[in-house]
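A short briefing follows it.

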Amino acid sequence: MSVLENIEPKEVFDYFEAIAGIPHGSGNISGISDYLADFAVQHGLRYIQDELKNVIIFKPATPGYEDRPAVILQGHMDMVCEKEADCDIDMAKEPIRLLCDGKKVTADGTTLGGDDGIAVAYMLAILASDDIAHPELEAVFTVDEEIGMLGAAALDMSVLKGKKLLNIDSEDEGIFLCGCAGGATVVGCLPVSVKGNLTVDTSDRDYTKHSGITTEKQHIYRIRIDGLTSGHSGIEIDKGRANAIILMGRLLEKLDDAYDIDIIDLSGGGRDNVIPASAEAVIAVDDSDIQSVIKDCEKVFRNEYSITDPGLSVNIETVDDNTLTFMDDASKNRIIDLLRALPNGVQRMNPAMPERVQTSLNIGILKTVSGRNCNANNNDINDDIKSVNNSVDKTDNHIEVSFLVRSDVKSEKQDLADKVTRIISMCGGTAEIIGDYPGWQFTGESELIDIMSAAFKEQYGYVPKVETVHAGVECGYFAEAIEGLDVVSFGPDLKGIHTPAETMDVESVRRTWKLITDTLKAC
């Protein structure tokens, strides 16, 4: 029995349930792409399926709309696959188990895929319908949006005639997005030299000679900054939240000034588009009583971030390990200089909209790598980063750092990325700017916003909010490729996206369905 068969609008939820039955995580989209192509064949519609598995389906205008300009409908077919620890579903092979209480649609132990499965469902329901009035339609289903907008970046948009685009990939009903920031990832590599592998006698913490190198440091500690609020590096970057990697740089500087530490290992964060919630350092030091500096720093940090990061903590524990690699003093100094010199967070607010961030960056990943070449094309840095050219120097021991730079203004984005690259170079490293994607700049005028706002007010009784977002969406690629394109991004209420707590509001889906069909009728 279908879980959603009695939920309205029936045609939309029927397609959503069909999509949920096809594994379609990012990078695993062949099944759903072929499903869309088969749909076009079954309904007698012309379609294009490119090498990346992007699909465009064309539908002629309904009677009376033949002379109206074509409209583009757009969403992405991939979803983020996350699940709870005890969930037994193999999301690469098995369908999502849908749940519905009549008010909200969820999934059993996994992400739901409302982002952006609901766009796909809306578009299929429109393409399959015989009684929805509309101009000629160009329905664009892109792949791998969640891992760098790879489908939109490679899509041949010259086949599209439409000058109005409905992007159904927002999660807040009643908010129309009309602009977004562009972004770029900067991956840096800072080579380090080591003092050697040192054998530790853990009984009395004395170190013996190894490879002709001696250290007098008597204690090894692991220090962890943890409990930060974190958040999306675009949407929450203006909240003033602490970045654990930045705080670790401050802490290391204080410890080195007081005790002349040796650094053994550094790590922090996990994705460049997430504000790091934790960072960790393993250090060697003579003095066993470093708790005072640790606690002083914790007190300072907790005072500075008492509102934004109330869970912040700095903890220390003894490490017992027989073989460790210590960085030399020059490498240690370069690392601390780098972490203390790098900018982070909001760099400029938008002069036209003072409440809106214009330019920012986030230090998202810090990693110590030993015993292999520096290669930013590995999944340890970020699954979203697919390639880095050979301009990044190779070294067996190094620190890797990854940043996401965002700006509404292309020149400011480039300038900030160049600045970060220059700082890394001054500290003895190399960097590569990759994953560059365009912004979508609001011109201040939009016929499509006027049409949709009128339809929205007629249905809801009040006017929608019109906003821009300091994050990347696929609209930037379309706006860059199609001259004079008028774009609005919108969607029904989705909560907890990219997590197993994801929910989709049934009534919001219904209301947004009416908004879409009313908009097409008015275009």
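How many cavities of 30 Å³ or more does the count come to? The count comes to three, where a cavity is a set of points on a 1 Å grid over the protein atoms alone at which a 1.4 Å probe fits but cannot get out. This is a predicted model, in which local features need pLDDT of at least 70 and side-chain atom pairs count only at pLDDT 80 or more, while totals for chains, interfaces and linings use all residues. Residues are numbered from 1 along each chain as its sequence is written, and side-chain values use heavy atoms, with hydrogens and water left out.

**Largest cavity**
- The largest cavity has a volume of about 50 Å³, a volume being the space filled by probe spheres set on the points, which are joined across faces, edges and corners.
- Among the residues that line the largest cavity are Ala20, His24, Cys81 and Glu94, lining residues being those with an atom within 4 Å of a point.

**Second largest pocket**
- The second largest pocket has a volume of about 210 Å³, a pocket being an open set with protein on both sides within 12 Å along at least five of seven lines.
- Of its 13 lining residues, Trp440, Gln441, Thr443, Leu485 and Asp486 lie nearest the centre of the second largest pocket.

- Strand β5 (residues 104-107) is joined by two bridges to strand β26 (residues 503-505), and Val105 has Met504 as its bridge partner in β26.

Key: Pairing = 2+ DSSP bridges. Helix = DSSP H or I, 4+ residues; strand = E, 2+ residues; numbered from the N terminus.
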